Amino acid sequence: VALCKGFFSCGQEPFVADEYIERLAWRTPGGGSRGGEAFDPKRLLEEFVNHIQELQVMDERIQRKVEKLEQQCQKEAKEFAKKVQELQKSNQVAFQHFQELDEHISYVATKVCHLGDQLEGVNTPRQRAVEAQKLMKYFNEFLDGELKSDVFTNSEKIKEAADIIQKLHLIAQELPFDSLMGFCCYPLFSPGKYHDLECQLIQEFTSAQRRGEISRMREVAAVLLHFKGYSHCVDVYIKQCQEGAFLRNDVFEDAAILCQRVNKQVGEIFSNPETVLAKLIQNIFEVKLQSYVKDQLEEHRKSDAEQYLKNLYDLYTRTTNLSSKLMEFNLGTDKQTFLSKLIKAIFISYLENYIEVEIGYLKSRSAMILQRYYDSKNHQKRSIGTGGIQDLKERLRQRTNLPLGPSIDTHGETFLSQEVVVNLLQETKQAFERCHRLSDPSDLPKNAFRIFSMLVEFLCTEHIDYALETGLAGIPSSDSKNANLYFLDVVHQANTIFHLFDKQFNDHLMPLISSSPKLSECLQKKKDIIEQMEVKLDMGIDTLNCMIGQMKHILAAEQKKTDFKPEDENNVLIQYTNACVKVCGYVRKQVEKIRNSMDGKNVDTVLMEFGVRFHRLIYEHLQQYSYSCMGGMLAICDVAEYRKCAKDFKIALVLQLFDTLHALCNLLVVAPDNLKQVCSGEQLANLDKNILHSFVQLRVDYRSARLARHFS
């Protein structure tokens with residue numbers, strides 16, 4: 001089996017000894033693997049022995065072949081190693097030859113460089129001599145007065161002619177005038193001759209520009225680069241570029257298009273395109289834009305401040321936008337400073353006193369808006385002294401009768417207008433935008449604060465504060481009949497307006513002062529305004545006295561003594577009294593008005609105060625009547641209705657007070673035997689006994705000995 005594994009392990013399928021023995025037995029006659037044959041163990045053993053011998057012979061033959069191949073492999077390995085050694089020796093020899101060749105090449109190159117230097121030393125003087133000879137030849141032609149050389153007669157060789165004349169001009173300038181040569185040469189190479197050639201070149205450049213021949217313009221510009229008139233060539237180019245470029249009304253858009261077109265072209269013509277483009281832009285700013293800005297602003301500078309400010313903002317914005325577009329071009333190293341100086345040169349005379357014009361316009365415009373509003377109401381503003389915040393707090397603490405001067409009948413007018421507020425805020429918003437754009441960065445916070453002060457003066461003081469003072473002065477006394485409580489409408493509108501004021505403070509003022517010391521100053525000013533208004537709103541809480549007074553009038557007019565002591569105890573058809581219905585209706589309207597007029601914690605504070613006074617009024621009102629059994633039931637129904645009304649306050653204390661009052665009213669109807677039990681209940685146990693006694697005394701049967709005995 002081991003031999004078989006060795007012979008057949010190189011096959012594709014793995015060798016399995018059991019299967020191999022099984023196949024061998026199957027092929028052997030008498031092996032017993034095929035059905036119908038008798039099993040012959042001897043024959044099978046003989047077959048196995050013969051097969052093993054064959055395998056051993058095969059193993060020996062293969063082993064000899066393996067040994068022969070191993071010997072052959074060892075022989076070839078020795079030959080290969082010997083060949084590698086020979087190749088290494090050849091490589092070393094070749095490397096030595098390469099080093100020798102490299103040294104020889106370096107030696108030859110050194111000799112060649114030395115020879116080249118010698119040749120250059122000989123050739124340079126020779127070239128100079130040739131150039132000098134040519135100049136002398138041309139010089140002789142000028143002396144003879146006959147220009148015969150092709151370079152002077154061929155108009156296409158103006159570049160070479162200009163180069164020659166430039167050199168001769170320099171030579172002539174170096175010759176002393178008092179020498180014979182200098183005296184002879186001066187008429188030939190005087191500034192006039194030099195200038196004539198410059199004019200010819202510039203004229204050629206101009207003609208080429210009109211024809212649109214960029215290559216010819218580049219050629220002539222390269223020649224003029226060494227002449228004094230090169231700058232004049234640039235001026236001519238700039239002038240011709242602007243011909244027909246400003247035909248539309250929008251000079252800024254025309255300037256941007258012109259610069260875009262020239263930027264693509266100037267690099268193909270001049271060797272210093274950034275200088276030429278910068279000079280073009282400077283010319284546009286100093287001539288076209290400055291003239292346009294002056295015409296637009298001087299027209300309204302003294303006659304119409306509003307239009308002047310609008311034009312100034314618009315022109316400055318469009319100029320800076322144009323500058324931003326020009327920043328894309330190559331104008332040299334510090335193009336930001338270059339463009340800023342050009343803009344400053346145009347607007348400096350207008351920006352120096354900008355804020356004074358802005359404040360003056362804002363002041364007059366705001367005053368006009370307010371006056372126009374009061375005129376539309378046929379109202380003459382009264383001078384109402386408000387005093388300081390501490391004075392207001394003292395008046396609030398003392399709860400005086402609002403000594404704000406004579407009572408003012410506002411006829412339901414709040415003297416607050418959303419339109420006026422929107423107009424004032426819009427004017428201020430535009431002023432902040434102009435301030436941001438036109439103010440110097442160092443002056444921006446200071447200027448923004450001045451604009452904010454104008455807004456505070458006219459919106460907060462002259463409009464909101466005046467309306468609050470007028471509203472306070474118009475609050476009726478608590479004993480007035482059919483009084484209209486317009487102060488809550490004033491509070492509602494003032495609250496809405498202040499939210500708009502606060503939004504503009506955060507959206508438009510804060511970004512301008514956020515990183516300056518003016519921030520704390522503005523925040524303090526805003527805090528003072530809020531505190532002053534809150535103090536006046538707190539003073540307006542006396543409006544609640546008027547509400548309570550109105551409720552007293554309703555109760556006095558509608559509540560009858562017979563409501564709680566009916567003549568016919570068995571014929572009571574109502575669930576609650578008419579006075580209760582009207583009072584609850586009035587209270588619900590006032591609660592809704594308070595919620596609509598205020599926000600935040602102010603709502604809960606005012607409603608709590610109103611609810612407590614409402615409870616006190618009903619409590620004192622119920623103490624004025626005597627109650628029969630059926631009247632007590634009706635009083636309980638009334639209080640239950642008042643308690644439903646108190647739920648609208650959504651104040652826990654107010655609801656608790658009315659729950660207790662409802663429990664007290666049960667004392668009016670409970671049986672005498674149960675009085676002590678009811679008084680010791682959860683809601684009444686903590687009340688003073690005198691309070692309980694005062695309610696029991698309201699019963700018509702209180703004088704009966706039985707009731708007095710049970711309650712004692």
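**Exercise 1. Find where K650 lies, and decide whether this residue is buried or exposed.**

Solution. Start with the position: K650 is found in the loop that runs between helix α23 (629-647) and helix α24 (652-665), where helices (H or I, at least four residues) are DSSP runs numbered from the N terminus. The model is a predicted one, in which local features need pLDDT of at least 70, side-chain atom pairs count only at pLDDT 80 or more, and totals for chains, interfaces and linings use all residues. Residues are numbered from 1 along each chain as its sequence is written, and side-chain values use heavy atoms, with hydrogens and water left out.

Next, take the accessibility: the relative accessible area of K650 is 68%, so K650 is exposed (buried means under 20% relative accessible area, exposed over 50%, and partly exposed in between, with a 1.4 Å probe and protein chains only). Finally, look at the backbone, where phi of K650 is near 55°, a positive value in a residue other than glycine.

**Exercise 2. Work out which kind of pair the rings of F498 and F501 form.**

Solution. The structure holds 17 aromatic pairs, and the rule is that rings of Phe, Tyr and Trp (its six-membered ring) pair if their centres lie within 6.5 Å, with planes under 30 degrees apart counted as stacked, over 60 as edge-to-face and the rest as tilted. The ring centres of F498 and F501 are 5.2 Å apart and their planes stand at 40°, so this pair is tilted.

**Exercise 3. Explain why the pair of Y619 and F695 ties together parts that are 76 residues apart in sequence.**

Solution. First, the geometry: the ring centres of Y619 and F695 lie 5.7 Å apart with their planes at 50°, so this pair is tilted as well. Then place each residue: Y619 belongs to helix α22 (residues 601-622) and F695 to helix α26 (residues 689-696), so the pair joins parts that are 76 residues apart in sequence. F695 has 0% relative accessibility and therefore counts as buried.

**Exercise 4. Identify the ring over which the charged end of K518 sits.**

Solution. The charged end of K518 sits over the ring of F449, 4.6 Å from the ring centre. The test for this arrangement is that NZ of Lys or CZ of Arg is within 6 Å of the ring centre and within 35 degrees of the ring normal.

Notes. Helices (H or I, at least four residues) and strands (E, at least two) are DSSP runs, numbered from the N terminus.
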